[in-house]
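Welcome! Let us take a walk through a protein model together, one part at a time. Please keep the 3D view open while you read.

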Amino acid sequence: MATKEEKYTSLLRAAQSLLSGERDYIAKMANLAALLHHEFGFWWTGFYRVSGNELILGPFQGPLACMHIGYGKGVCGTAWAEQRTVVVPDVEQFPGHIACSSESKSEIVVPVRKNGTIVAVLDIDSRELNTFDDTDRVFLEQLTQLLHPEEAEIWFAAGCFWGAQKFFKMVEGVISTEVGFANGDTQDPSYQEVYTDTTGHAECVHVVYQPDVVSLRELTELYFQIIDPLSLNQQGEDVGTRYRTGVYFNRTEDAEILKEIFEEQQAKFGENLAVELLPLKCFYPAEEYHQDYLDKNPNGYCHLGPAVFELARRWRKLK
Ligand code: SME
C-alpha cells in the first residue's frame with residue numbers, strides 16, 4: 001500500500017498539472033478540495049476565505065459546515081491570526097475549537113497566502129484522532145501555494161511569432177502568451193509597419209509562466225530547440241530583422257541565468273550565436289487577429305515542424 005508521502009507526492013503532481021494554467025482561484029480551490037478529499041477519504045476538506053475580519057466558507061467536500069468564523073476563533077481563526085499551520089491531534093483538547101460536526105476528531109488548518117498575505121485557510125477534518133503530522137503540514141503547504149503561484153515573464157523572438165506562440169502555449173507551466181513587437185524604435189507599431197522591416201522591432205512572444213513548474217532555464221533550453229541560433233535575421237523562409245532571434249528579460253536575476261545558458265549554447269555550436277540577449281526595451285502587442293493565429297487558422301503558415309510541437313507537449317513527461 002502506498003505510504004502517505006507517496007500519496008501526497010503523486011497528488012502534488014496531479015494538482016500541479018490540473019491547476020497550472022488555471023487562473024480562477026475559486027475553481028482551483030474546488031478541485032484541490034476534491035482531490036484531497038477523495039484521495040485520503042477525510043471527513044471534511046475545504047476552504048474558508050478571508051473577508052474583512054472574518055472567514056467565510058468556500059469550496060469544500062463533506063457535510064454542511066459553519067459559514068462564518070471570526071478572526072482568532074476556532075482552529076481556522078487561530079491559524080489565520082497566528083499565521084501558521086495548526087495541527088490538532090484531538091479537537092476536544094483545543095480551546096475554542098468550533099465543532100461543525102461531532103464526528104470530527106482531529107484537524108489541520110493551513111493558511112493560504114497570496115504575495116505573503118493570508119487570503120484563505122485550508123481546513124481538513126478527520127474522524128480519527130491523531131491523523132495529521134508534519135508530513136501533512138509540509139505537503140499541504142506546498143499544495144496551497146498552487147492556488148496563488150508565483151509568476152514570471154520572459155520575451156522570446158523566434159522568427160515568425162505565429163508558430164512560436166503555438167509552441168510556448170503548449171508548455172506546461174506557461175500561464176499565458178501574447179504575440180507582439182519588441183525592442184524596436186517606434187511606438188505602438190502595426191503589423192504592416194513592422195513588415196516593412198524599418199521599425200527595428202522583432203516579432204516576439206511574451207510568455208508568462210510559473211517558475212515552480214517550468215524554470216527560465218527549461219523554457220530557454222526549449223527555445224533554443226525551435227530556432228536556428230546561428231542564422232542571422234532569418235528563421236525558416238522568413239527573412240528580415242523582424243525575424244531575428246532574441247531573448248529579452250525584465251529582471252536582473254534572469255540576466256545571469258540567461259548569460260550562462262547562452263555560453264553553454266555557444267560552446268555547443270562552437271560559433272558566435274546570432275541570438276540577442278538584452279533587457280526588454282519595449283513590447284507592443286500585435287493586432288488581435290495575430291493572437292493565437294494558428295488556433296484560429298489551423299492550416300495557416302508555420303515555419304516550425306510538427307516534431308517541435310510534440311516536444312512542447314511532452315517535455316515535462318520526458319524530463
Ligand atoms: N473546526 C473548525 C471549524 C470549521 S469545520 O471544522 C469545517 C475550527 O475550529 O475552526
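Helix H2, residues 25-40, lies across E1, E2 and strand E6 (117-126), and runs at about 55° to E2. Helix H3 (residues 74-82) also packs on the sheet, where it touches E1, E2, E3, E4, strand E5 (106-114) and E6. The direction of H3 makes about 35° with that of E5. Keep in mind that this is a predicted model.

**The sheet**

Now look at the sheet itself. It is an open sheet of six strands in the order E3-E2-E1-E6-E5-E4, with antiparallel pairing. Which strands stand at the edges? They are strand E3 (68-70) and strand E4 (86-88); each has a single partner strand, so one side of each is left without a neighbour in the sheet. From one strand to the next, the twist averages 25°. As a reminder, strands of a sheet pair through backbone hydrogen bonds, either parallel or antiparallel.

|---|---|---|---|---|
| E1 and E2 | six bridges | two residues | glycine 52 | about 60° |
| E2 and E3 | three bridges | six residues | glycine 62 | about 125° |

In the hairpin of E1 and E2, the glycine in the turn has a positive phi, and a positive phi is also found for the glycine in the turn between E2 and E3. Strand E1 covers residues 44-51 and strand E2 covers residues 54-61. You can follow their pairing residue by residue: serine 51 stands opposite glutamate 54 in E2, and arginine 49 stands opposite isoleucine 56 in E2. What is the bridge partner of isoleucine 56 in E3? It is histidine 68.

**Around the ligand**

Next, find the ligand. There are 14 residues around it, and those that come nearest are Gly74, Val75, Cys76, Ile98 and Cys100. The elements that give two or more residues to this shell are H3 and E6. H3 gives the most, with three residues. By type, the shell divides into eight nonpolar, three polar and three charged residues.

**Two domains**

The protein is divided into domain 1 (4-145) and domain 2 (152-318), and their C-alpha centres lie 40 Å apart. The contact takes four residues from domain 1 and five residues from domain 2. What kind of residues does domain 1 bring to the side that touches domain 2? There are four polar residues there, with no nonpolar and no charged ones.

Helix H5, residues 161-169, is worth a visit. Eight of its nine residues are buried, so H5 is largely enclosed by the rest of the structure. Among the buried residues of H5 are Phe161, Trp162, Phe167 and Phe168, and Lys166 is buried too.

**The whole protein**

Finally, zoom out. The protein has 10 helices and 14 strands, and its C-alpha trace spans about 75 × 45 × 40 Å along its principal axes. Of its 319 residues, 36% count as buried. Among contacts between residues at least 6 apart in sequence, 65% join residues at least 24 apart.

How values were computed. Residues are numbered from 1 along each chain as its sequence is written. This is a predicted model: local features need pLDDT of at least 70, side-chain atom pairs count only at pLDDT 80 or more; totals for chains, interfaces and linings use all residues. Two strands pair if DSSP finds at least two bridges between them. Helices (H or I, at least four residues) and strands (E, at least two) are DSSP runs, numbered from the N terminus. Axes are lines fitted to C-alpha atoms, for helices over the stretch in contact, and angles run from 0 to 180 degrees between N-to-C directions. Two residues are in contact if their C-beta atoms, placed from the backbone, lie within 7 Å. A residue is near a molecule or strand if its C-beta atom, placed from the backbone, lies within 6 Å of it. Ala, Val, Leu, Ile, Met, Phe, Trp, Tyr, Cys and Pro count as nonpolar, Asp, Glu, Lys and Arg as charged, and the others, Gly among them, as polar. Domain bounds come from an automatic or database domain assignment. A residue is buried if 20 or more other C-beta atoms lie within 10 Å of its own, exposed if 12 or fewer, and partly exposed in between; C-beta atoms are placed from the backbone.
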